[in-house]
Amino acid sequence: MIGGLIVVLVLTLLAFRLPVGESLKMLADGAFGDKFAISRTAVKACPLLLTGLGMVVAWRSGMYNIGGEGQFIVGGVFGAAAAKFLAFGPHPAPAWVSTTLILLSCCIGGAFWAWLAGWLYVRRGVAVVISTILLNFVALQFLGYCVSGPLQQSKMQVPLTETLPDAVMLPKLSRQMDVHLGTMLPLIAAVAVFIYLYRTRPGFCLRLVGENPNAARASRIDASRYQLQGMMVSGALCGLAGGIEYVGIAGQLGTDFSQQWGFLGIPVALLGALHPLACVGSSVFFGALFAGSENLARFTSAGATLVYIIQAVAVLGYVGIKAYSDRRVAVEAG
Amino acid sequence: MEFISLLQYAAPVALAAMGEVVTQRGGVINIGLEGAMLIASFFAMLVCYTTHSPYLGLVAGVGTGVATAGLFGFFAIILAADQVVVGTAVNLLALGLTGTLFRSKFGQSGQLLSVGRIPAWHGVDPLMVLMLLSVPALWFLISRTGWGLAVRACGEYPKAADASGFSVNRLRMQALLIGGIYAGLAGSYLALVITGSFAENMTAGRGFVAIAMVTFGRWKPQFAFLAALLIGFAESLQYKFQTYGWKVPFQLMIALPYLIALVVLVLVGRGASSPGSLGQPYRKEK
């Protein structure tokens, strides 16, 4: 898998006529060159892993959640709303209480946004692919409204929320680096999702529903319940990704709060073979690519958009090889 | 005049949706429609910029729209891979490809660039006429020709079409490529008629709105066209509500087309009129 990804990377660099050796060195320096680079990679891998895990849970339940982006954003907005009461109210809560409750609100926000799409599917048969995508665009405008309206900072006229006090932010290992305590959360989440999917009864039912809802119904499993559950867990994970970005890195929300993190969770999940632990690997790979491409962007015109291409080509290559080998197996068996 | 500007706002979604009707009647949901539109609008702009001919730009837009649909078809039809996965990858590829090429050619942030537009006569441009003519033409193609019947069979019950001696995958590919032509027209319309420019992620979800309008339009080109007019109306409100002095946040007006698309999906549900095998790849039995 990693070998294939590196082949795709080299081919993409060749296609854009970038010097392969130098570009790879710049990418590697930007991603792993020193402790600052490693810190950048870890911080970029964080939201990728969480949204990737979100996709794993939803897709395993048979729900094609493409709305990680919207769930990430609404999570952030719920978090900022909680912060407005907890950290900026007349009686600020203790910092650690604020931080915890903000992160929790983010999960709730994301889960709520995903629940909407799940409900539309279960009750009205609206395809999740379409509703989640439409909800992404609605979420983006909702964010724009909130940061220039009810959640806007009081003194300035720019569309941003108040900056969180340092005490509420997740503690950092060092002042110069971005790595913070929240970097651990996605790893814990990966293990938790693994246990949930493969070691608990609800997780088993959820995967069964995803494989074949009719077979699940025949075993008296309420398919819609697990479809909704899959969506809500997925949304909560994407919302948490938004929360970690908010209380870990950004400290405030603006209209550009999400840098496509929710969307990019899809390739992370697919190249992680929809397995929670394998997603750790794919998220680190893409996190490193993003960190490295920032370095590359300083010297060439290619930047983060290059990573989109690499992700897309990798996914197409992966499904192509998989479909081809499936067909060979089918031919040999038939 | 009012009606003509409404048609102009509606055209990208209307063109894409009518093409997607043909695709979906064959049983394929082209989730990569958004990507095909985006790639088409970029290359339409680029060729128009380099050759100073909007007509060559249009050719490039339609050509790349068809090529992008063909890429989707190679994976989703010929290799029978999952249509949602392939479509998502195609959209991501379109976003990355147009973004990277745009930045490398026009600078990091993308300077304000302006290209020649397709000339219009009293607001009526040739593509708008083509769109209006497409409504009866596509209806005839789907409902009154042998080819249309065969495509519909592929969408309803591909095994039967196969047993009658039709190549399911070839017919689906043809239906998909017709959708690609219209996706190319839709993307070119954005670049060469409405804006005369390009911006990163310019299609802004219109491809997905078009897919929603196919469902709302009950998989019929004439109804999908009418549904797209509703979206065009919602989009035109964005530019008008300020002059009317309405006290609503402008973000709500931008979100309106998406909200309308959602609400109509809730109202119509899935219903019985969707093609029976929509979204399911077909593997020929050996």
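Me: Let's start with one residue. Is Lys240(B) buried or exposed, and why?

Reply: This is a predicted model. In it, Lys240(B) counts as exposed because it has 11 C-beta neighbours inside 10 Å, and the cut-off for exposed is 12 or fewer.

Me: Which helix does Lys240(B) lie in?

Reply: Helix α10 of chain B, which covers residues 221-244.

Me: And how far is Lys240(B) from Met253(B), in sequence and in space?

Reply: They are 13 residues apart in sequence. From C-alpha to C-alpha, the distance between Lys240(B) and Met253(B) is 10.0 Å.

Me: OK, zooming out. How many helices and strands in chain B?

Reply: Chain B has 11 helices and zero strands. Along the sequence the pattern is α-α-α-α-α-α-α-α-α-α-α.

Me: What about chain A, how many helices and strands there?

Reply: Chain A comes to 13 helices, again with zero strands.

Me: Now the interface. How many residues of chain B are in contact with chain A?

Reply: 37 residues of chain B, and they touch 39 residues of chain A.

Me: Which elements of chain B give two or more residues to that side?

Reply: Those are α4 (83-106), α9 (206-216) and α11 (250-268) of chain B. The one that gives the most is α4(B), with 14 residues.

Me: How do the residues on that side of chain B divide into nonpolar, polar and charged?

Reply: There are 25 nonpolar residues, eight polar and four charged on the side of chain B that touches chain A.

Me: Changing topic: overall dimensions. What radius of gyration does chain B have, against a compact globule?

Reply: Chain B has 19 Å, and this agrees with the rule, because a compact globule of 286 residues would be near 19 Å. Its C-alpha atoms fill a box of roughly 60 × 40 × 35 Å along the principal axes.

Me: And chain A, what radius of gyration does it have?

Reply: Chain A has 20 Å; a compact globule with 334 residues would have a value near 20 Å, so the two agree. The box for the C-alpha atoms of chain A is roughly 70 × 55 × 35 Å, taken along the principal axes.

Me: How much of each chain counts as buried?

Reply: In chain B, buried residues make up 55% of the 286 residues. In chain A, 56% of the 334 residues count as buried.

Me: Last one. Among contacts in chain B between residues at least 6 apart in sequence, what percentage join residues at least 24 apart?

Reply: For chain B it is 80%. For chain A, 78% of the contacts between residues at least 6 apart join residues at least 24 apart in sequence.

Technical notes
Residues are numbered from 1 along each chain as its sequence is written. Chains are lettered from A and ligands numbered from 1 in the order in which they are written. This is a predicted model: local features need pLDDT of at least 70, side-chain atom pairs count only at pLDDT 80 or more; totals for chains, interfaces and linings use all residues. Two residues are in contact if their C-beta atoms, placed from the backbone, lie within 7 Å. Helices (H or I, at least four residues) and strands (E, at least two) are DSSP runs, numbered from the N terminus. Ala, Val, Leu, Ile, Met, Phe, Trp, Tyr, Cys and Pro count as nonpolar, Asp, Glu, Lys and Arg as charged, and the others, Gly among them, as polar. A residue is buried if 20 or more other C-beta atoms lie within 10 Å of its own, exposed if 12 or fewer, and partly exposed in between; C-beta atoms are placed from the backbone. The radius of gyration is taken over C-alpha atoms; the globule rule is 2.2 Å times the number of residues to the power 0.38.
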